[in-house]
Every structure is written in structure tokens, then in C-alpha cells.
Amino acid sequence: MQKVVLSEIDLYHGEVAMPKGFDIDLDKIRNDIIESYIQQKRINNNPKAYAFNDYLVPFSQPLQWMQDYVRDHWRVEYNRTLVTKTIHGNIMYPKEKSWVRHQVDPVDLRNSPDYTLIYGVDVKENSSECIIEYDDKRRKNRTWHIPMKNNHFIMFPATNKYSFSTNKSENLNTILTITYEYI
């Protein structure tokens with residue numbers, strides 16, 4: 001008997017462990033997201049769109065280092081290259097949770113991203129989880145819960161729906177989302 005895997009749902013997660021002396025300035029990334037929030041620099045200005053609460057994140061060295069870390073490690077491990085498509089930030093208030101969403105455009109799959117990366121920029125410990133929905137053959141609507149942590153990423157196919165559980169802390173949670181195409 002031979003087995004051929006026709007499809008799989010891959011999920012990658014871990015800490016962005018930079019070399020000594022190259023720590024990522026999470027405060028800079030957080031402040032850039034909060035500044036975009038204050039100035040209402042939204043990805044989409046339609047209040048009925050899922051992206052209404054997504055805010056632009058300007059280029060910065062700490063953001064580039066984080067992206068380089070993930071991209072370089074993925075290339076070495078899996079021999080594929082990630083190309084950034086979009087970057088946005090979200091702010092989750094205490095007692096707030098997010099919509100269930102995905103990052104693809106169902107009417108334009110050709111130009112949609114392949115992967116979604118979630119990165120904890122400033123997340124109070126044990127305050128929230130990223131919940132990823134998936135189907136396992138006839139076992140539909142399964143979920144995988146991953147605690148959100150500072151300086152940790154979660155990357156999964158952009159076609160998977162995901163959400164953030166209720167922020168159980170009294171602090172704001174700041175989260176970065178990057179979408180990628182792979183080549």
C-alpha cells in the first residue's frame with residue numbers, strides 16, 4: 001500500500017529569536033500601530049468590511065527584522081520564498097474579541113495571499129488566543145487555539161478562517177498581521 005498526501009493544512013509558530021544584540025523593538029511597532037489607529041489610517045473605510053479595524057503599519061527597521069527572521073528561517077527549512085503582500089495592525093480593547101475572518105478574496109483567488117502570519121506585538125500574557133478554524137475530512141468546523149504571546153508568530157494558510165478570543169486583560173492588545181505569497 002502506498003500513501004500520497006494530496007493536501008495538508010500547515011501551521012507554523014514560534015518565537016522570533018533574534019541573535020544577541022538584535023532584539024526587535026516591539027515598542028516601535030506597537031507605537032506605529034497605535035499612531036495609525038489614532039490617525040484613523042484604515043486599510044478599508046467601509047464600516048461593514050472586515051478590514052475596517054485594520055490599520056496601516058509603516059516601514060520600520062524592527063518590522064523589517066521580524067519579517068527577515070521569519071522569511072529567512074522559512075526559506076532554509078522549507079526551500080520556499082515568502083513575498084509580503086499586505087501588513088496591518090489591530091488593537092484589541094479589554095473585553096473585545098475579533099470577527100471570524102480569512103485573508104483571501106473569494107472572487108479573486110489568483111491575487112489572494114497564500115499565508116497569514118499573526119505576530120504578538122504587545123499582548124498581555126494569558127489574555128487572548130488566536131483561534132484557527134479548519135476541516136479534517138468529514139470532521140468539519142474544528143478549531144485550533146494558540147495563546148497569543150509577545151514576540152511570537154503563528155502562520156497558516158490564508159484560506160483558513162481565524163479570530164482572536166476575548167481580551168481578558170485590562171490592557172490593550174496590539175497584534176500585527178502580515179500576508180504572504182510563496183514562490
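**Figure 1. Asp 68 and Arg 71 form a salt bridge.** Their closest N and O atoms are 2.8 Å apart. The model shown here and in every other view is predicted. Both residues belong to helix α2, which covers residues 61–78. They are three residues apart, so about one helical turn separates them. Asp 68 is partly exposed, because its relative accessible area is 26%. Arg 71 has a relative accessible area of 14% and is therefore buried.

**Figure 2. Asp 32 and Lys 28 form a salt bridge in helix α1.** The closest N and O atoms of this pair lie 3.0 Å apart. Helix α1 runs over residues 26–38. Asp 32 and Lys 28 are four residues apart, about one turn of the helix. Is Asp 32 buried or exposed? Asp 32 is buried, with 7% relative accessibility. Buried means under 20% relative accessible area. Lys 28 reaches 34% and counts as partly exposed.

**Figure 3. Glu 170 and Lys 95 meet through their side chains in a salt bridge.** The N to O distance is 3.4 Å. Glu 170 sits in the loop between β8 and β9, and Lys 95 in the loop between β3 (82–92) and β4, so this pair ties together parts 75 residues apart in sequence. Glu 170 is exposed, at 62% relative accessible area. Lys 95 is exposed as well, at 59%. The count for the model comes to seven salt bridges.

**Figure 4. Six strands build an open sheet.** What is the order of the strands? The order is β1-β7-β4-β9-β3-β2, with antiparallel pairing. At the edges stand β1 (12–15) and β2 (55–56). Each has a single partner strand, so one side of each has no neighbour in the sheet.

**Figure 5. Strands β4 and β9 run antiparallel within view.** Strand β4 holds residues 115–122 and strand β9 residues 173–182. How many bridges join them? The two strands are joined by seven bridges. Asp 122 faces Thr 174 of β9 across the pairing. Asp 122 also takes part in a network of salt bridges, together with Asp 27 and Arg 30.

**Figure 6. Strands β5 and β6 form a hairpin.** Their pairing is antiparallel and spans seven bridges. Two residues lie between the strands. Asp 136 has Arg 139 in β6 as its bridge partner. Lys 137 takes a positive phi near 55 degrees. Arg 138 lies in the loop between β5 (129–136) and β6 (139–147). Arg 138 has 73% relative accessibility and so counts as exposed.

**Figure 7. Strand β5 also pairs with β8.** Strand β8 comprises residues 162–164. Three bridges hold this antiparallel pairing. Cys 130 stands opposite Phe 164, which belongs to β8.

Figure 8. Lys 137 is the residue with the positive phi. Arg 138 is in the loop between β5 and β6. Arg 139 is the bridge partner of Asp 136.

Notes: Residues numbered from 1 in each chain as written. Predicted model: local features only at pLDDT ≥ 70, side-chain atom pairs only at ≥ 80, totals over all residues. Heavy atoms only, no water. Buried < 20%, exposed > 50% of the residue type's maximum accessible area, 1.4 Å probe, protein only. Pairing = 2+ DSSP bridges. Salt bridge = Lys/Arg side-chain N within 4 Å of Asp/Glu carboxyl O.
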